[in-house]
Amino acid sequence: MSGLPSFRAVMLMIIAVLAITTATGGIVVIMGDDLVKTANEPVRGQATPRARKPAPRLDQIVPSAEPVKEPVKEFGRGGPGVTVTPPRVLAVAAGTVPAKTRLALGGLAHVEKAIVVDAGALKVSGTGLNLLAVDPAAFRSWTPRQVADEPGVWSALARGEWVADAGTVRKYGLILGAMYQVDGGPTLRLAASATLGLKGVDGLVSADLGRSLGFAKDVAVLLHGKPGKISESGVRKLLGKRAQIVMLDAAHRTAREEQPRATVNVGRPGSYLELYQAAATRCPGLSWTVLAAIGQVESGHGRNNGPSSAGALGPMQFMPATWKHYGVDGDGDGKSDIWSPYDAVPGAANYLCANGAGQGGEKLRKAIWFYNHSWDYVNKVMGIAEAYARTYA
């Protein structure tokens, strides 16, 4: 008697497999990692990569792009030209500080340097933030050395972007590179985070942007001098009883304490998970999981960037003609690069949004169909997106 299974047994096995595949929609997801397998062939005709072992999670995959040259208008590194003068006192007056008062502040005992800048409060998704509006070149020396020496911080301000205090980023879970809608105002890109050392200040914007946001002119005063020596009462006498005064060098006035080390983080999300989440903020209503699903199908999150047989390029597989219209400079490096994930993923969000993806439902499905004209492709993307939503809930 032969050891091979009978023809009837083989057919029963095949029918059982087909039934299982149909019941699950053709998609099998291994939860807990970033491996998504599909029974469908890739729509663009690309070969399905063979995965011998579980792929890393989205929060473990670091996007990579070739180094870019700094644009001509970028700020340079610090050094001999930047003498750091850390503020010892931060005060916010009830109104504009007159020129006469500024001179008097600079003449106080132990005050070696003074600056007056604009300030204002705004809300982002209902969360109140206190910001200073500054001239990047003039304000650079008022930050810790590590921050002053980072050109990305000051170039971001010059471009009209937002730099948040590192503590604010941690407190509210903000994402670098994300677009944040100001309540009743414009959308701002969070380009960098830095330890500013300014108690009560959540971030910086440029003076020009501050004016457009309606910030109060010349109300915030910073004073530099010998630590622990500037008189709080002297400052209050000049600014009035309603002024808010913060002695930033309080540690020097009591027991000596080691100051926290300054940190700075500029521009680019550290993982594909953060990149998809940041890019999705460009299209209100669009889930980051849709972008992640497209990134998985198109290139395996940058592991197979093409070109495809149809001529699509980069981690999100854009056709060059489409990229010309919808590509964006996602990381503020001065150019939109179809090969860079930092530009390609926000570009995909831009393209989907232009086709109504933010409205959800059938509008979302139609937007995905525009990305690749196949309803099988749409179903595949939606299935993977749902799996990501469960995995990263």
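Helix 10 and helix 11 are oblique to each other in this predicted model. Their axes lie 8 Å apart, at an angle of about 125°. The protein holds 15 helices and 12 strands. Of its 393 residues, 47% are buried. Among contacts between residues at least 6 apart in sequence, 70% join residues at least 24 apart.

**Helix 10 against helix 11**

- Helix 10 passes helix 11 in a right-handed crossing.
- On the helix 10 side, the contact uses Leu273, Tyr276, Gln277, Ala279 and Ala280.
- On the helix 11 side, Trp288, Leu291, Ala292, Gly295 and Gln296 meet them.
- The residues of this contact divide into 7 nonpolar, 3 polar and no charged.

**Burial of helix 10**

- Helix 10 is mostly covered, with 7 of its 9 residues buried.
- The buried residues are Tyr272, Leu273, Leu275, Tyr276, Ala278, Ala279 and Ala280.
- These buried residues pack against strand 7 (179-181), helix 11 and helix 13.
- Leu273, Tyr276, Ala279 and Ala280 are buried and also take part in the contact with helix 11.

**Helix 11 against helix 13**

- Helix 11 and helix 13 pack at an angle of about 115°, with axes 10 Å apart.
- Helix 11 passes helix 13 in a right-handed crossing.
- Val290, Leu291 and Ile294 come from helix 11.
- Val345, Ala348, Ala349 and Leu352 come from helix 13.
- The residues of this contact divide into 7 nonpolar, no polar and no charged.
- Leu291 of helix 11 meets helix 13, and Leu291 also meets helix 10.

**Threonine 289 in helix 11**

- Threonine 289 lies in helix 11.
- Its relative accessibility is 7%, so threonine 289 counts as buried.
- Leaving aside neighbours within four places in sequence, threonine 289 is in contact with Ala385, Tyr388 and Ala389.

**The disulfide**

- The model has 1 disulfide.
- Cysteine 283 and cysteine 353 form it, with their sulfur atoms 2.3 Å apart.
- Cysteine 283 lies in the loop between helix 10 (272-280) and helix 11 (288-299), and cysteine 353 in helix 13 (residues 341-354), so the bond ties together parts that are 70 residues apart in sequence.
- The torsion about the S-S bond is about 85°, so the disulfide is right-handed.
- Cysteine 283 has 0% relative accessibility and therefore counts as buried.
- Cysteine 353 is partly exposed, with a relative accessible area of 29%.

- Asparagine 355 sits in the loop between helix 13 and helix 14 (361-371).
- Leaving aside neighbours within four places in sequence, asparagine 355 is in contact with Lys363, Ala367 and Phe370.
- Asparagine 355 and tryptophan 369 are 14 residues apart along the chain, and their C-alpha atoms are separated by 9.6 Å.

**Backbone points to check**

- Most residues other than glycine have a negative phi, and most peptide bonds are trans.
- The peptide bond from glycine 306 to proline 307 is cis, with omega near 10°.
- Proline 307 is found in the loop between helix 11 and helix 12 (320-326).
- Glutamine 317 is placed in the loop between helix 11 and helix 12 as well.
- Glutamine 317 is not a glycine, yet has a positive phi of about 50°.
- At 1% relative accessibility, glutamine 317 counts as buried.
- Aspartate 218 also has a positive phi of about 50° without being a glycine.
- Aspartate 218 belongs to strand 10 (residues 216-225).
- Aspartate 218 is buried, with a relative accessible area of 10%.

**Lysine 237 in helix 8**

- Lysine 237 is found in helix 8 (residues 232-239).
- Its relative accessibility is 76%, so lysine 237 counts as exposed.
- Lysine 237 and leucine 105 are 132 residues apart in sequence, and their C-alpha atoms are 10.0 Å apart in space.

Terms used:
Residues are numbered from 1 along each chain as its sequence is written. This is a predicted model: local features need pLDDT of at least 70, side-chain atom pairs count only at pLDDT 80 or more; totals for chains, interfaces and linings use all residues. Side-chain values use heavy atoms; hydrogens and water are left out. Helices (H or I, at least four residues) and strands (E, at least two) are DSSP runs, numbered from the N terminus. Buried means under 20% relative accessible area, exposed over 50%, partly exposed in between (1.4 Å probe, protein chains only). A disulfide is a pair of cysteine sulfur atoms within 2.5 Å. Axes are lines fitted to C-alpha atoms, for helices over the stretch in contact, and angles run from 0 to 180 degrees between N-to-C directions. Angles under 35 degrees count as roughly parallel, over 145 as roughly antiparallel, 65 to 115 as roughly perpendicular and the rest as oblique. A crossing is left-handed if the near helix is turned anticlockwise from the far one by less than a right angle, and right-handed if clockwise. Contact means heavy atoms within 4.5 Å. Ala, Val, Leu, Ile, Met, Phe, Trp, Tyr, Cys and Pro count as nonpolar, Asp, Glu, Lys and Arg as charged, and the others, Gly among them, as polar.
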